[in-house]
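Subject: The model we talked about

Hi there,

Here is the structure I promised to pass on.

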Amino acid sequence: MSESQTPSLSVAPGTSAPEAGTHRTPAIELSQATVTFGRGKQATPALSSTTLRVQDGEFVALVGPSGCGKSTILRLVSGLLRPTTGAVIVGGREVAARALRVGMAFQNPTMLPWMTIEQNIMLPLKIVQPYKASYRRERKGAFRDKAHALLAQVGLKGFAGKYPWQLSGGMLQRANLCRALIHEPRMLLLDEPFGALDQFTREELWGILQDLWLAHRPTVLLVTHDLREAGFLASRICVMSARPGRILDDSPVDFARPRTVPMTFEPDFVALNQRLREFIVSARAGAAPVEAH
Amino acid sequence: MLDLRIKQRIVAALLIVLFFAGWEVFCIASGMSDLILPRPSEIMVTLWQRFPILWPHILQTLGSTMLGFGLGVVLGVFLGCIIGASRTAYDTVYPLLIGFSSIPKVAIVPILVLWFGSGTVPAVLTSLSICFFPIAVNIATGLATTEPEMEDVLKALGASKLEILWNVGLPRTMPFFFASLKVAITYAFVGTVLAETVASNRGIGNVMMSAASSFNVPLLFAGLFILAGLGVILYAIFSLIEGRVTGWANRKNDFAAA
C-alpha cells in the first residue's frame, strides 16, 4: 500500500517514454482515438476522435447519454478493443491486452456460482503474475488473508464462505469490487457498477468505493449515468456527446474528501449537477432532434 | 419435508411393483402364451437359472459399453470444447457432426465389421459413435452460455483462452455435461447391443439373438431385463456423481445433498 501512495513515481523507469509535453506520464492517454464497428456500408462509428488524459491515481467519471461510447472507452483502455485510428497509451505503452491486468467491474457482478465468495475474489490471483506462481501455496494462507481483509473493508466480514446466491445484489457488487482490487491493479475500470441497485444501497456503495480508492489509490475510470454518483466519487468528470461519442466537457470536482451523501444536496454540488445535466440534455437533443418531451 | 420425500419414494416404488404385478395378472388372465409375452416371474426364474451362463456375456456387454462410453466422453468433450471455443470450428464441425449423428448406426456396423472383423471392436466403436454426440452438443452449449462480462474481466487480467476455459468455461458446462452423460450412457448400451446383435458371438445382444432364433422367449426377455437393469444402475451412479459435483446448479433442493 505504501508504494501506491506515491503516484508520481509509479511508472517504471524502464518503460519507453511517451510523447513529451507533460512533466508526468499520464496513466491513460487516448490521442485522437476513434472506433468504428463493421466495415463499408455497415460501418457504425462508436467513438469519434477522442483525446483524454488521466493522471495516475485520478478518479475520472465518464457521463453521457446512453449508447454514447462510454463503455467503448473502457474497452479501449482495458485492451479488449483496439482503436480503429489513433492511439491508446496506458502506463506509457501502447495497449495490448496481455500486459495490463487491470481490474474491471460491470453492472452484472458475474460471481461464479460454484465458488464461494472467497474463491471468487481470489480468482484474479490465479491468473495474474506474480500471484499466479504461488497461488497453490498461498491460497489457504496469505492470499486468503488478503481476501478476508478486503471483504472486511467493504463490510462483508463473515461472508467469505458463502455462495453467491446466498448474498443480495448489493453484497455481490461489493464482492465484485473486491475481486477487481485483489491483485492491486494500478487501474480500475468500472462500467455502471451500481446501475442495478436501489438508491440507498447505491449511496452506501459510493462510500465504500471512495474508501477503497482513498486506501489503495488506483487510477479509476468510472462509467455512469448517475450525475450524483459521478459528483460524489470523481475527481474529474468528462461529459460525452451522443453516439458517435466525443468528450464535450471536462471539469474537475474539488469537493473535499471524504465526501458524504448529504454533501450531494448542497448548493455547489447541485449547481455542478445542473451544469452537467444541461450538457447531456443538449447532447441528447443533438442525437434525436425530433424527440418531444 | 423429509417425510414427504420418503412418502414419494414409497409411492413410486409401489407403482413400479404394481406395473409388474399388472403385467403378471394380464398374462395369466388372458392366457397369453409365453412364446409371445412371458410373465415377469417366469423371466426372473429364467434369469436366475441361466445366470452362470449369462454372467460372462453381461461382463462382455458391460465392458464394451463402458469402453465405448469412456472413449465417447473423451471425444465428445474434445469436440464440444472445439465447437464451443471457435466460431470457425462451430461452422465446420457442427454440420458434419449433425450429419454423422443422423446416420442410423445399424448402417455403420457392417462397415466396422469389414474394417475390424466381428467381435468386441465393432461393439465398442458403435457405442462410441452413438454416445459422443449428446456430450459434444451439451459441452458446446455450456461454453456458449459463459457471460461475456466474465470473459472481459478475465481477458483484461491477461488470462489466456485456456485459462478462461479451465476456470470458467468448463466448470460452467458441468451441469450440461452430466445431463448429457446420463443420456449418453443409455445410448452407449444401445450401440453395444446393436453391434453384438449383428456381428458378435458374445455379449447380451448375441444371447438375445440366439434366444430369438430358438424361440426361447423368456431368455430373450431376460436379456432385456439385464440391459434395462444395467442402464438404470449406471444412470443412478451418474446421477449421484452429478449431485455431488454440480449441486450449485440445483440450489432449490438441499444444497450438495442430492
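A quick term to begin with: pLDDT is the predictor's confidence in each residue, on a scale from 0 to 100. This is a predicted model, in which local features need pLDDT of at least 70 and side-chain atom pairs count only at pLDDT 80 or more, while totals for chains, interfaces and linings use all residues. Residues are numbered from 1 along each chain as its sequence is written, and chains are lettered from A, with ligands numbered from 1, in the order in which they are written.

Chain A has an average pLDDT of 81, with 87% of its residues scoring at least 70. Two stretches of chain A stay under 50: residues 1–23 and residues 288–293. Counting contacts beyond four places in sequence (C-beta atoms, placed from the backbone, within 7 Å), the model has 22 for residues 1–23 of chain A and 0 for residues 288–293 of chain A. Where pLDDT is low, the predicted coordinates should not be read in detail.

On to chain B. Its domain assignment (bounds from an automatic or database assignment) gives domain 1 at 1–31 and domain 2 at 39–249. The centres of these two domains of chain B, taken over C-alpha atoms, are 29 Å apart.

An unreviewed UniProt entry places "transmembrane region" features on chain B, including residues 96–117 and 176–199; such annotations may be inferred rather than shown by experiment. Helices here are DSSP runs (H or I, at least four residues), as are strands (E, at least two), numbered from the N terminus. Residues 176–199 of chain B are 100% helix and 0% strand, with end C-alpha atoms 34 Å apart. For residues 96–117 of chain B, the figures are 68% helix, 0% strand and 26 Å.

Which angle do helix 2 (residues 40–85) and helix 7 (residues 161–199) of chain B make where they cross? Roughly 145 degrees, and their axes come within 7 Å. Axes are lines fitted to C-alpha atoms over the stretch in contact, and angles run from 0 to 180 degrees between N-to-C directions. Among the residues that meet are B:Gly68 and B:Phe69 in helix 2, and B:Ala188 and B:Phe189 in helix 7.

Finally, the interface: 17 residues of chain B are in contact with 22 residues of chain A. On the chain B side, helix 6 (148–156) and helix 7 each give two or more residues, and helix 6 of chain B has the largest share, 7 residues.

Best wishes
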